[in-house]
Structures are given as structure tokens and as C-alpha cells.
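Let's take a walk through this structure together, one region at a time. Have a look at it first, and then read on.

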Protein chains: 2
Amino acid sequence: MSFSNIDVSPAYIRLTKRFEKIATINEAAAMLGWDSSAMMPPGGGPARGDQLAVLAGLSHGLLTDPATAADIAEAMVGPMAGEAAAGDWHAANLALMRHAHTRATALPPDLVEAQSRASSACEKVWRIARAENDFSSVAPLLAEIVHLSREAAAALAPALKLSPYDALMDGYQPGIGTADVEPIFADYQSFLATALPAAIERQNAAPAPILPRGPFAEAAQEALCRAMSERVGLDFNAARLDRSTHPFCGGTPTDTRITTRYNSGDFAQSLLGVLHETGHAMYERGLPKAFARQPVGEAAGMAAHESQSLIVEMQAVRSDAFLRFLGPELHKTFGGDPAPYAARNLGLMFRRIGRGYIRVEADEMTYPAHVILRFRLEQALIAGDLAVADLPGAWNDGFFEVLGIRPPDDSSGCLQDIHWYDGAFGYFPSYTLGAMAAAQLMAAARRALPDLDNALTRGDFGPLMGWLRAKVHGVGSLLGFNDLLRAATGKPLDPADFTAHLTARYL
Amino acid sequence: MSFSNIDVSPAYIRLTKRFEKIATINEAAAMLGWDSSAMMPPGGGPARGDQLAVLAGLSHGLLTDPATAADIAEAMVGPMAGEAAAGDWHAANLALMRHAHTRATALPPDLVEAQSRASSACEKVWRIARAENDFSSVAPLLAEIVHLSREAAAALAPALKLSPYDALMDGYQPGIGTADVEPIFADYQSFLATALPAAIERQNAAPAPILPRGPFAEAAQEALCRAMSERVGLDFNAARLDRSTHPFCGGTPTDTRITTRYNSGDFAQSLLGVLHETGHAMYERGLPKAFARQPVGEAAGMAAHESQSLIVEMQAVRSDAFLRFLGPELHKTFGGDPAPYAARNLGLMFRRIGRGYIRVEADEMTYPAHVILRFRLEQALIAGDLAVADLPGAWNDGFFEVLGIRPPDDSSGCLQDIHWYDGAFGYFPSYTLGAMAAAQLMAAARRALPDLDNALTRGDFGPLMGWLRAKVHGVGSLLGFNDLLRAATGKPLDPADFTAHLTARYL
């Protein structure tokens, strides 16, 4: 990082070095995390847990060191004092440093350790409980997690001047809280009540998709995934594609590690999954290099991140335009009858909607309903208005309310997601905020780039990615979530673009 | 680690926690080092360098922290004061902590950093210089490395009460110095002067080996490597086998990462390489679990480590006994004419000797000659008796003296090994000390286990590995190199077992 021509304090310069070190330790941990999922033999588990705990402790120790607080205080009254000019990278960086420090010091170390131990214990029991449809076996452990999360929320809230639940949300998507989300989710619920039956009726009236015949060889699927990911823009000189049980995008901006899993009967699973992760990867790779390893150089939050995976997977890849390009590629890869690979048929295949119990299998129209339910339930759990023992009933009632069907069992209900059992409260809204932001960004990109759909029809992601790099990736965390959207699209988060997209695609 | 029933000071307990943390950071670095060689895309290089440098700095910082010195001083006058009883694990652990601390604090941080920078710069130029046979291009960088290594040796020598060169050797194999090595190497040179011509004559009189016809499919080679490595005892629930340009054994005791490379025309390269690395892996895996992440729980040095790779690769695998088992396995794997896979023919194939220029391609009889030359030259470089500019001439003269042939160029001469260009002086003797120790241990194992060769004929490594685990692996660094050998074989390092082995095999 260069400080030429700007007036910053020595304390701020010390902070940038400290945060660079913290980020570098976190990169090491990210790589080991990838290895745990993609490479590590089972015997390595316990030692890996120790390695990650030591790195987390070192990183946390640097952040909460009294010298950090002293430097922040000194930098705040130095040349960077006063209200930062909007768009001032260093001022934003310092504010983010203070925010990270506030979050880290607000939590007593004993509580952090207790949370880590409780999550680790609960997660193991949850895996069995889900498999055996036995909520009662994991309920006491989940109650402990909720208890500790409430303590954490109570400790964070005054430090961040947020409500307890919003203080947890802030850990995933800073700058967005219940007051933003409530009305958006309420509106969406109303939209869905009429849109979903209508869309299902329309789908039932349309021809059924012709399903291509497998098996689809794993090597062919992998080559296809790699080629399409490269087409989006990923450079495999600085990235890898591997296998893992739960696909993710990890690693670092210059060494991205994408994983997927292959189903020999369904190539769409790996293909769409890899393109989703490629969207995440393109964000990381496009972050501002001048502020690498600084808070302002990081992605702007989980909702912002999800907007980048979904703009690729849902907005661009499943568009009629790109499917016209994709069809012949698929036929070239897998051969056989060309009929299933016609763009219109791919649309029927890749854009099925319907009511289901499982969030990760949900289509883009019903997915928000899954999130809305979780948002309400986790608010109630953190507020103390819902006891863990009452969760299964509340889940099933709530599910009926948002989607009109009742889960047959807890494995298809409140046991399905790892998040709560791992201590992650406040994360779920990010998925839907990201989906909405993706639609809003795509609409703005279409206005800015009249040739966008023609480019996608040629399999050319260059224009879209160039626009996203300028408007989102390259901006890092300079702007808050709504300001980022305002600068890119002319308005803060507005779900109207998302419902317009759904209406155009499904109604 | 448990301290029940022993009288140790609080300072010592603090030290064990500190060294556990250091070892855990080093484990993380080891994993990232493996990833760099086996997985990382090229774009990840610069960031990985930063990650490893930060981890090295954290580990070094913990070791050289004034609190470490204070705790060592306190522990030394506490209940563990006085001469440690031989075989007292905690006393040995404390002595090793002090030794590590002495080494780390003896070197000024500026010198360590200058060495790191010089090695990094020199290594890059060396790769080109070796490819282009241009010593002069890398000579100034090597001169800087030698200069810094001399400074380091001068700083370490008084702290360790060793000569400068021995202080460098101590970094690779503690407890062995020039006074031990000189007479052993002089004797070996005399042995070789008569043994090598005689062995070559005998080889020339024997039939030429029948070479099996390739290509040997990579997947088949890999499956074979894996199966044979498992037969030695490696458990792939706690290990991986991958590819890298330069094969090595990395990772940690509970998550061992072996690499190899495959040559479609020669399966022996991957097979013998993997079995060599398996020997290293078995040592790491057999280290005393009660002292995991403590200095006394580590391997006893590089010579000790090499003894474990060579006892597998050279002593056991290339024995007539094991080749009788291996032959049918090879034929089952690769098919074709069974004649090349007869045990006698495999012996002719796997036990070729001859004069050559390249150390890493040398057979077990001439390999020590390569090491003896390097030992003498690096002593002279560190003593200041040999200028870098004179190295090529000294190399070629010395090579003629030990093996009777002159390298045609520097790429086949003083440019062939990375070690010096990477700043590693004092390492080379470990290879030959390890080979000699392997022969000595194998002789003792044969005496202790009369059924050893029958077991190898059945492909059963159990008895040999059980004996090594008890006598070497499980002893960690409790004993110095010579004491380890004395406890296992009844005598300190004695090259007579090695020359007896060579005489039996080649004469």
C-alpha cells in the first residue's frame, strides 16, 4: 500500500501493518480450511482443529492487543480526525478497523471459547440427529448455543449501538438490520402468495422438459465446469477446482479454491454449483489490489458476496441469452440426442419452481420463503421469545404459513441446516438480500450495457464482469451495502427488481 | 502431555505450552509448504510467501520472547536442576528447549532476514544458471550466501560451544560434528577405492537385467505405490499421496503428505521414491505421542530421518527377500512377460552401480563419494579457505579424486544441487550418516528378529517396523544420535555395518 500524497498518521500506518498481518494469518487459516474440506484425510482432523484454533487465537490477539486500541485512538485524532469525506479509502479503512476492533473486544474471551466449544460439540451431535430425525437428542446442545449467542448479542449490542439481533446480523452483512429487512420480507411474502400459485399453474401448462440421458462422465463434467468457469473469467493459473462434500469457494484472492461434487446422473448440479462459486471467486479476485489485506479491501459482506454468486448463477447463466450459448457446449460435451440441449428446453430444466421442504434445493422464487421463516425464528430465539423445545412446532407452523405445506419430519424441517447448530445466527437474511441485490445489479447492468444479452449469447461474460468489477468488486468495503447499491444502480436495495425479474421469468 | 507423578516447575509447564504453540504454528506452515509444492497454482506464490513468512515470524517470536528465556532460567534451577538422569524425558525436553532457544537467539534478526532474502534471490538465479550451465551468473549471489552463512556460523559457534562449521551441522543433525565425520569419511574413501572397481567388474561379468517393457500407466503405478506404502505400514486414513516435481514427505505426524512423480517409462522411480518417503513418514508417525509438539517428541535429526527412509528403500525393499515378494506384485500390476519380474532380475535392475556425476541419481555405493566432496568443499567455504570463484575448479578436481571422473560442465558439477544456493551448509553429511545408520540398524534388527527376512519375503514389514518403532521412532529426541544407535544396536555410529552390507550385496 502506498501513502504518497496523503496525510496519514504514524498510528494509522502501524495499524495498516497490523491488519495486513492479521489478514495474512487469516489467509493461512483459509487455506487450511480448504484443505480440511477438500484434501485432508480423516486422521488429520484433531491436529487441524488445533492449528486453526492457534491461528485464530493469534489473529484475535493482534486485533484485541491494547496497542491496536491505542493506535486507533491516536489515528482518530490525527490528520484523519473528523467526519471522513465519503469515498475516502483511508478514512473508510480506519473506520472498519475500529469496527472490527470493537466487535472483537466486545466479546469476553471466555465467551468466545465457550461458543467455539459448544459449536464443535453441537455440530457433531446434529449430524446424527439430522440423519436419525431426532431433534430431542440435539436440543440441549442447541439450547446452550442459543444461550451463548444471546450473551454474545447482549455484549455486542451496546458496543455497536445496535439491537442484539442486529448486532449478530452485523457480523455477516454490516450496515443492514431488522428495520431494513422486515418490510422487504413482508412485501415478498405478499408477492409470493399470488405469484407462486400463478407461476406453478403456468409451469404445469407448459411442456415438461426433455431430460438428457446420463450417465455424464465425471471427467467430462469437470472439463465443462472448468471451461465455463474460465468463460466467466476465472483464471486457473490462480485458482483450483476440486471436490468436496459441501461445495464452497475458499482460498485467497490470488489463489482461489473452488470445490464441487459430481453426480453422474445430473450434470447441472456441478455445473451450476461451480458457476455459483465462480461468482464468489470473481468478487474476491476483483477486490482492490491497492488495499489488499486491509479491511477496506475486503468484500462488503455476505449479502454482497451472495449477490455476486447469484448474478452469475441465477441472473446470467440461467438467462435465455446464455442458455443459447450453453446448449451447443453441453451437446458437444455429452453427445447424444441434441433435443434436451435446445435453449428453450434448458430453460424448462434449469428454471423449475415448486414448493419443497429443503432450502438448499429450493428454486429462486421459493428460496426467500425459507429465509423469511428462519429470520423470524432466529429473531425469536435471540429475543428469548421462543424456547428451543418449541422450535420444531414453530418451524412447521411457520413453514405452512410461508409456503403452504408442512414438513413431514424435523430432518426436513428445523434440523436441515447446520447454521444454528454451528452458532450462526443472523446469517440467513444475507442469502435473500443477495438474491435481491443480484437482480437489482443485473437490471442496472442491462441499462448500462445494451449489448449485454448479445454478449451472453456469444458466451462472453466480459462486459458484465467488467461492469461488476468497476461497480462492486473493485469497490471493496469502501461503501456500505446500500451505498454500494446506490452508487451502482442509483438506489438502495429495492426488491422491485427481484420481483420484476421473477415476474418476467416465471409469469 | 501429563505431568502426574513428576516434579516439574511451573516455569517448565509454561514452556511446554509455549513449545506446543510453536509446534502447532510450524504444523500449519508445513501444510502450506506441502500445498505450495503439490497443489498451489502459480498465481498463489507471492501471497504464500507472505503467509509462510508471517508464520515463521510468529513462531520465531514465541521462541525468542524474553519470557521464554526467563522460564528456561527458572526451570533450570527448579526441581529439574542438576544433571538430568539419562533417559529422563522432561529433562531432555528442557535441554532441547534451551538448545532451540540458544540457536534462535544467537542469530541477529537482521541476519536471519538477510539470509532469507539472499536465499530467495539466489535460488531463482540458480535455476537459470543450472539450466544454462552458467556458474558465473550466480556466483555473486552465492558469494553473498556464503558470506552470510559464515556470519551465522560465527554467531552460533560461541553460543553452542562448537566450531563454526559444526554449529551449522548442528542445525541439521545435533550431536554429530566434524570430529565424528572426518575419520568415517576418510575410511569410506579408502574402502571405495578398491570396492568400487571390484564391484563394477563383478557387475560387468553378470548378465544384464531384462528390462520390462513400458509404458506403465500412471494410475497403475499410483495404485502400486499406495499398496506397497500401506504394506510398509502407512495408513492412508491419516496420509495422502500426491504429485510434485520434487518428491518429499511433508505434513504432520497424524496427516502425512507424501509426493512423487510418475515416469511412464520407468515405474521404479515412483515406486522406490514413494517407499523412501514412506520410511520418513513411518518415523514421523511413530514419534512418541505423549510428547507430541514437544522438542523431545520430534525426530532426532536429519541423519536419523534419512536412516529411516533408507532402511526401507535401500535395506529392506532392495533385499532379495522383499524382491521375491515384489516380483509377482509387479507382474500382477503391469502384466506382460514375467521374466523381468523375477526376484533375481529385479536385483540386477534395482542394484546397478556405477560412476556418475549427479548425486540424486547415484547408487548407494557411490553416493557417499558425492557427499564427501560436498562436505570438504562446504567446510572450506565456511572456513574462508575456498573462494566462490574457485568452486568450479575445486569441485571438478575433488570429484576426480573421489570418483575418478571429471564432470563435463558445471551443471553436472557444482551447479547440480539447490542446497548451497538456498543457504543450506552442513546438511550434506546427514545423507551418508543416515545410510550408514540404516545399515547398522538393519544388522541389529536382523540379529534381534531372526525371522526378519522370511517376513519380508511374505511382504510383511510388521516385525521390522515394530522393532524400529521401539528402538527409533518412539524414542523421539530423547537420545542424541550416537546414544540412539548405542541403545538400539549396542554401539555408536559404526560404518563397518554399511561396508559389510555393500560387500555382501555387491562383492
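**A hairpin to start with**

In chain A, strand E2 (residues 249-252) and strand E3 (residues 255-260) run antiparallel and are joined by 4 bridges. Two strands count as paired if DSSP finds at least two bridges between them. Helices (H or I, at least four residues) and strands (E, at least two) are DSSP runs, numbered from the N terminus. E2(A) and E3(A) make a hairpin, with 2 residues between them. Within this pair, Gly250(A) stands opposite Arg257(A) of E3(A).

Before going further, a word on what you are looking at: this is a predicted model, in which local features need pLDDT of at least 70 and side-chain atom pairs count only at pLDDT 80 or more, while totals for chains, interfaces and linings use all residues. Residues are numbered from 1 along each chain as its sequence is written, and chains are lettered from A and ligands numbered from 1 in the order in which they are written.

Are the faces of E2(A) covered or open? Both are covered: Cys249(A) and Gly251(A) on one side, and Gly250(A) and Thr252(A) on the other, are all buried. A residue is called buried if 20 or more other C-beta atoms lie within 10 Å of its own, exposed if 12 or fewer, and partly exposed in between, with C-beta atoms placed from the backbone. In a regular strand, the side chains alternate between the two faces of the sheet.

**The whole chain**

Now step back. Chain A has 20 helices and 3 strands, and of its 507 residues, 45% count as buried. Its C-alpha atoms fill a box of roughly 70 × 55 × 50 Å along the principal axes. The radius of gyration of chain A is 23 Å, which agrees with the value near 23 Å for a compact globule of 507 residues. This radius is taken over C-alpha atoms, and the globule rule is 2.2 Å times the number of residues to the power 0.38.

**Where two chains meet**

A rotation of 180° with 0.0 Å of shift along its axis superposes chain A on chain B, with an RMSD of 0.0 Å. The two copies are therefore related as by a two-fold rotation axis. The superposition is by least squares on the C-alpha atoms of residues with pLDDT of at least 70 in both. The same surface serves both copies, as 100% of the contact residues of chain A recur in chain B.

Leu55(A) is buried, because 23 other C-beta atoms lie within 10 Å. Leaving aside neighbours within four places in sequence, Leu55(A) is in contact with Ile25(A), Ala28(A), Ala29(A) and Ala28(B).

A cis peptide bond, with omega about 0°, joins Gly214(A) and Pro215(A). Pro215(A) sits in the loop between helix H8 (178-205) and helix H9 (218-232) of chain A. Elsewhere, Asn133(A) has a positive phi of about 55° although it is not a glycine. Asn133(A) is partly exposed, with 14 other C-beta atoms within 10 Å.

Terms used. Two residues are in contact if their C-beta atoms, placed from the backbone, lie within 7 Å.
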